[in-house]
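Please keep the sequence and the coordinates at hand while reading.

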Amino acid sequence: MPLSFTIRILAAVLAVGTAAAPAIAEDTTLVWVDGGGAYHDTVQTRVLDPWQEETGNKVVSVAGTDNAKLRAMVEAGRVVWDVYNGDNSWGTDADGEWLVPIDYSVVPKDEIIPGFASTYRVANMIYSIQLAYNTDQVTTKPEGWADFFDLEKYPGKRAVMDYSVGGIFEIALLADGVKPDSLYPLDIDRAIAKLDTIKPSLVFWQSGAQSEELVGSGEVAMVMTYNARAYDAKVALEMPVDYIFEEQILAAAYLTVPKGSKNVDEAMKLIAFAVSKPINETMSADLPLGPSNVNASPNPEMAPDLPSSHLDKPYAVFDDQWIAANSKMIESRYQAWKSAQ
Amino acid sequence: MTTAVRPAARSWPVPLPDSIGIWPLLAALLVFFMLPAASIISNSVTEPENAGLSNFRAVLTDPTFAIFAINTVRTAVLVSIVCAALGYFYAYVMYRSSPGVRAILVFCALLPLCTSLLVRSFAWTVILRDTGIVNWILINTGVVSQPVGLLRTSFAVTVGMAQILLPFSIFPAYVSMARFDGTLLRASRSLGAGPVRSFLEVFFPATRVGLVAGTVLVFVLSLGYFITPVLLGGPGDQPIAVLIDAQVTSLLDWGAAGAMSAIVTFFVLLFLAIGWRAVSRIFFA
C-alpha cells in the first residue's frame, strides 16, 4: 500500500512535468517576448493592446529575451514563443537554424528602412548606444568617447556594458581615433590596448536598470548605455543625468519568429501590424525609440532625444553580419581581457 | 519493508532512509535536478556531434578557463577560512550561553537563510559602494577624505558570501559541541590544565569534526556561486559559473558549457568525498 502510493505520486510528478509544456504550446494565444523595462510597457500599450482590440486575438507578452532559451526550445520541439523581439546581434542569417523566414507577402518590406529587413528578421525600432554622464560630477559636456577614456579631464569611474558584442570594443576604437565607418573588422588588439588605459576605473553593468543606477547615484561619472535608459534616468527618474549623441552607435531591435512556433501565420500578421506606419510611429510616444518604417513620423516632442535626429553628428552603426560571424572570437577575447588581472 | 532496509545500511555511506515518506522527495530530486544536470553534462560529449573529448581538451587548455578557475578557488578558500573562524567562534558562544540567549543566537543565525540570496547580495552593494553607508561614515567621521573602494573587490565578495554561508559552518560546529561530554573539561581542569590548554587539547580536538564538516560544506557551496560574485566582485573575482553562463547565453556553446560543468561537478564530488567522513559523522551519526 505505501509502495503503490509512492508510485502514484511519482507518476503524477512525471505526468505534470511532461504535460505542462504541450498544453501551453497548443494554445492559439500568441506569445511576444522582449527585453523588458519601460520598453515592455510601451510595447504592451502601443502595439499589443491595439492588436487585441483590432483582431480580437489574444496575445501575451513576456519580459526576458534569451537567445539560449529560444535555441533550447527549438531543439526540444517545445516552442512557446511566437514573436521574439531580439537585439541587433540576433536574427542574422547565422541564426537561420532556429528561425522561420519572415513572410514578406504579409510584412511590408518596402516600407522598412533599407537594410533593416532581412531573411529572418525585420526591425521594429531604432535605438543607440550612447555616452551618458552624471551632471554633478561632469560639468563640462563631453564630446565623444575620447572623453570617456580621459580620466584626467573627467575624473571618476566609468560604467560599461558587460557584453562582448554590445559595443565595448567599438567605443574603445572610436575613442582611439578610428573613423566610425571603418570600425569593422574590429581591431580587437587595439581596442583592448585602449581599454587597458582605464581598466582600473571600469565598472561592468549587467542590466539596463543597473546602468541607470550607477550613473544616477554618482557612483560612476560616465556610462555607456542604451539611449532609452539614459533618457529614463534623466526624464522619468529625474536623476542628475545627461547624455550626448556624438559618436552614438546605432542599432535596431528586431522581430523574429522561432522555428516550431505553432502560430507562424498569426505571428507574421502581428509583425506586419507592429511595423505598419500608425503603430510603428507610436514607439516614440513614451520613449526615444525611432521608427523603422520610412513613412512613420515620430512623436515631435521626442524629436530632440531620438537617435535619428542627430545623424548630422558623427555616428557609427553595428555591423551585425560581421559580429555574428565573429561572435565566438569576440566573446573569448573579451572574457580573457576582462578576467586578466 | 523496513526490515529489508536495515542490513543494507552497512554497505551504503549513509543509512538508506527507512521512512517511505522520503521517496517522493528523492524522486523529485531525480526528475528536477539529477536528470537535467546529467543532460547538461552529457552535452559535453554530444555537442557538436561526435565531439568526443574535444570540448574537454579545448576547455582545459583555455587560459581564460584557468583564470576563472583560479578566481573560483581563491574565493572559496577565503570564504571557507572566514566562515570556519567566525562559525566556530559563534558556535562556541552558543555552546556557552544560557538556553534563552542560545535561542536568540540560533534565530539570528537562521534568519539570513530565510531571505533571498539576491536581496542580500544587493543589500551589500548598497552598503559597500562609494556612496554607501560605510563610506559615508568613514568620510563624515574624518577617517578618510575620499571614498574607499570596497565594492567590486575580493573583500566585498568574501564578506557577502561569508555572510550567506555562515550558517553552514555554525551548525555543524555547534552539533559537535553539543555532543561534547562536559565532564572531560572538568577532568582536564582538575588534573591541572589551565583554561587555554583545556580548550586546545581537550575541547578543540573533540569538536574539530564539526569545524571540518562545516568548512567542507562552505567550500563546496562556494564553488558554485554566481550572483554574489557578479554583484559584489570586480573583473578579477568572477567565478566559473559566469564563464559557463557566457558559453550558453552569448555563444550558444552547450558543449563547452557542459565540459566546464562536468569539471566543476567532478571537483565538487571530489571535495565532498574527501570531507565525507566528517560530514557524515555530524549529520548521520
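## The contact between the chains

The contact between the two chains takes 26 residues from chain B and 28 residues from chain A, where two residues are in contact if their C-beta atoms, placed from the backbone, lie within 7 Å. On the side of chain B that touches chain A, the elements giving two or more residues are helix H2 (22-46), helix H4 (63-96) and helix H12 (240-249) of chain B; helices here are DSSP runs of H or I with at least four residues, strands are runs of E with at least two, and both are numbered from the N terminus. Sorted by class, that side of chain B has 16 nonpolar, 7 polar and 3 charged residues, with Ala, Val, Leu, Ile, Met, Phe, Trp, Tyr, Cys and Pro counted as nonpolar, Asp, Glu, Lys and Arg as charged, and the others, Gly among them, as polar.

This is a predicted model, in which local features need pLDDT of at least 70 and side-chain atom pairs count only at pLDDT 80 or more, whereas totals for chains, interfaces and linings use all residues. Residues are numbered from 1 along each chain as its sequence is written, while chains are lettered from A and ligands numbered from 1 in the order in which they are written.

## Chain B as a whole

Chain B has 13 helices and 0 strands, and its C-alpha trace spans about 70 × 70 × 35 Å along the principal axes. Of its 285 residues, 34% are buried, a residue being buried if 20 or more other C-beta atoms lie within 10 Å of its own, exposed if 12 or fewer, and partly exposed in between, with C-beta atoms placed from the backbone. Among the contacts in chain B between residues at least 6 apart in sequence, 76% join residues at least 24 apart.

B:Leu269 belongs to helix H13 (residues 254-283) of chain B, and it counts as exposed because it has 12 C-beta neighbours inside 10 Å.

## Chain A as a whole

The secondary structure of chain A comes to 11 helices and 11 strands, and its C-alpha trace spans about 75 × 55 × 40 Å along the principal axes. A compact globule of 341 residues would have a radius of gyration near 20 Å, and the 22 Å of chain A agrees with this; the radius is taken over C-alpha atoms, and the globule rule is 2.2 Å times the number of residues to the power 0.38. Buried residues make up 48% of the 341 residues.

Strand S9 (residues 222-226) of chain A is largely enclosed by the rest of the structure, because 5 of its 5 residues are buried. S9(A) pairs with strand S6 (residues 121-134) in the antiparallel sense over 5 bridges, with A:Gln130 as the bridge partner of A:Thr225; two strands pair if DSSP finds at least two bridges between them. With strand S7 (residues 158-161), S9(A) pairs in the parallel sense over 2 bridges, and there A:Ala159 stands opposite A:Val223.

Helix H7 (residues 208-216) of chain A is mostly covered, with 8 of its 9 residues buried, among them A:Glu212, A:Glu213 and A:Leu214. The buried residues of H7(A) pack against several elements of chain A, including S6, S7 and S9. Just after H7(A), A:Gly218 takes a positive phi of about 85°.
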